[in-house]
Amino acid sequence: MNGSVLRPATLAIVVLLYLSLAGPATASIALNDNFNDNSLDAALWAVRTDLPSGKATYASVTEESGHITLKDRGHLNTVSQFDPTATGGVWISGEWTFNALGGVDSMQILTRSDGAPTAGSGETLNGIEFQYWTNGTQPNIVSRGGSLSVGANAKTGSLAVAQGDTFRFDAIDDGTDLYFTMTEVGAPTSTASVQSSVVTDSFAQDLIAFHNREQSGSSHIAFLDNVVVRDNIYVADNFSDGTIAGKWTIDTSARGGTAVTESGGRIDLDQRGYLKTAQQFDPADPLGLRVTGQWQFSNLDDMLQITTRTDGTGDGGCCHELANGIQAYIFPGVNQFRLRQKGGGDLANGDGSVGFITTGMFYDFEMIDDGTNVTFTITDPDNPANTATLSGVNSFDNATNLVIFHNRENQNDAFLDNIVIEGLGAAAVPEPSTFVLSAFALLGLGWYGRRRKRAA
Ligand SMILES: [Ca+2]
Ligand SMILES: [Ca+2]
Ligand SMILES: [Ca+2]
Ligand SMILES: [Ca+2]
């Protein structure tokens, strides 16, 4: 399932609801809980309140009043293991409400963890910890225990936290890199992000844990709600470290001085260069493929081209188009919007439906490809009524399956950011009311809390 369901365009709603019910075209949601029935689901969650003497007096984890109350250093842990290096990374989102400030409370969300309180102050014994101390303005990513370590933290943004404030959080561990964003619900300028990477992991467990590391005392509580865990996150990148190498390769062999650079916290696609995944992602594999991110046009004669099932070969024509693959194509200057097989024909034609696109701001896009069924959606995050969706069918089976981003343009730059490539999930679709809330949060707030609009 995906946020596109929420667009008011009736046709898009019908099409995507159909896909979500009939096929595997959903994000891979492994766990989803709105904590609304005042009974902790023992199939999903385990509680640890075995804190040291003096810290355990009030410790509890309770599902009540439609949320989880984390009191006095109790831990809420998943029952299942989520190993980001084995099955694809994890993306944990939810909402956290602070009820004590001044540094006594600390929000702590862990991957690769045992969820075990220490004998000292009740910190988690092992794990990678996405944390925020209420005496600071930015979150951190740290490691717990000697079997795990993380690299330097790169931080942006600033939080303004008052007692009772609720923050949307997104913690991503894609198996290599770590991203954490907090954005205040109802106050999107109160947002901050931190990025790091995994240096070592020789720890055997991979629980996800939630811990309110706060001062002992019955009044110190935090609320947790609407937790969604997505797995099969193959690649996530917010392009903040200035280096393309690792997850990507580039092809700048087109004419016209082409360049692809990571700078200013995003990818600059200049003059028909390709940004190519370093790994292959075959949509025909059982899980299929979902590619999301943000695209900015700097000229309406730019052409967005996002292609799956491609080997990266150029077609030898004037404009360095790809020779093969399944491609979403938008040319806003002539209001052209298509899904097509390069070297074949169109899967779907949505010409006339992308007139809302303008320059100088990021649009959210989503491409879903299960090897046969393909959907592409582009949406204005500031005005979700501005959206266009195409769906088509094509079973082209390529031997090499890269995902390539290409600005098929003449003289301008396009910008790309916040890419996530993940597997789809055929099952685990939550009850609709639960899902709609979480999906809306995913798309509506953005997982890096970035400012969507940029100077052209
Ligand atoms: Ca429950
Ligand atoms: Ca709830
Ligand atoms: Ca970025
Ligand atoms: Ca990078």
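Val150 has Val198 of strand 14 as its bridge partner. This pair belongs to the antiparallel pairing of strand 10 (residues 148-150) with strand 14 (residues 187-201), which spans 3 bridges. The model described here is predicted.

Strand 14 also takes part in other pairings. Strand 11 (residues 154-158) is joined to strand 14 by 5 bridges, again in the antiparallel sense. Within that pairing, Ser158 has Thr191 of strand 14 as its bridge partner. Strand 13 (residues 177-184) runs antiparallel to strand 14 as well, with 8 bridges between them. Here Glu184 lies opposite Ala187 of strand 14. Strands 13 and 14 form a hairpin with 2 residues between the strands, and in this hairpin Gly186 adopts a positive phi near 85°.

The pairings described in this report are set out below, each with a residue pair.

| Strands | Bridges | Residue pair |
|---|---|---|
| Strand 10 and strand 14 | 3 bridges | Val150 and Val198 |
| Strand 11 and strand 14 | 5 bridges | Ser158 and Thr191 |
| Strand 13 and strand 14 | 8 bridges | Glu184 and Ala187 |
| Strand 5 and strand 15 | 3 bridges | His75 and His211 |

An open sheet is formed by 6 strands in the order 2-5-15-7-8-9, with antiparallel pairing. Its edges are strand 2 (45-48) and strand 9 (140-144); each has a single partner strand, so one side of each has no neighbour in the sheet. On average, neighbouring strands of this sheet are turned by 25° against each other, direction ignored. Within the order, strand 5 (residues 75-78) and strand 15 (residues 207-212) run antiparallel and are connected by 3 bridges. His75 is placed opposite His211 of strand 15.

For the protein chain as a whole, the model contains 2 helices and 30 strands. The chain has 456 residues, of which 55% count as buried. Of the contacts between residues at least 6 apart in sequence, 69% join residues at least 24 apart.

The mean pLDDT is 86, and 84% of the residues reach 70 or more. Residues 1-25 have pLDDT under 50 throughout, and the model gives this stretch 58 contacts beyond four places in sequence. Residues 427-456 also have pLDDT below 50, and this stretch has 68 contacts in the model beyond near neighbours in sequence.

Technical notes: Residues numbered from 1 in each chain as written. Chains lettered and ligands numbered in written order. Predicted model: local features only at pLDDT ≥ 70, side-chain atom pairs only at ≥ 80, totals over all residues. Helix = DSSP H or I, 4+ residues; strand = E, 2+ residues; numbered from the N terminus. Buried ≥ 20, exposed ≤ 12 C-beta atoms within 10 Å, placed from the backbone. Contact = placed C-beta atoms within 7 Å. Pairing = 2+ DSSP bridges. Axes fitted to C-alpha atoms, helices over the stretch in contact; angles between N-to-C directions. pLDDT = per-residue confidence, 0-100.
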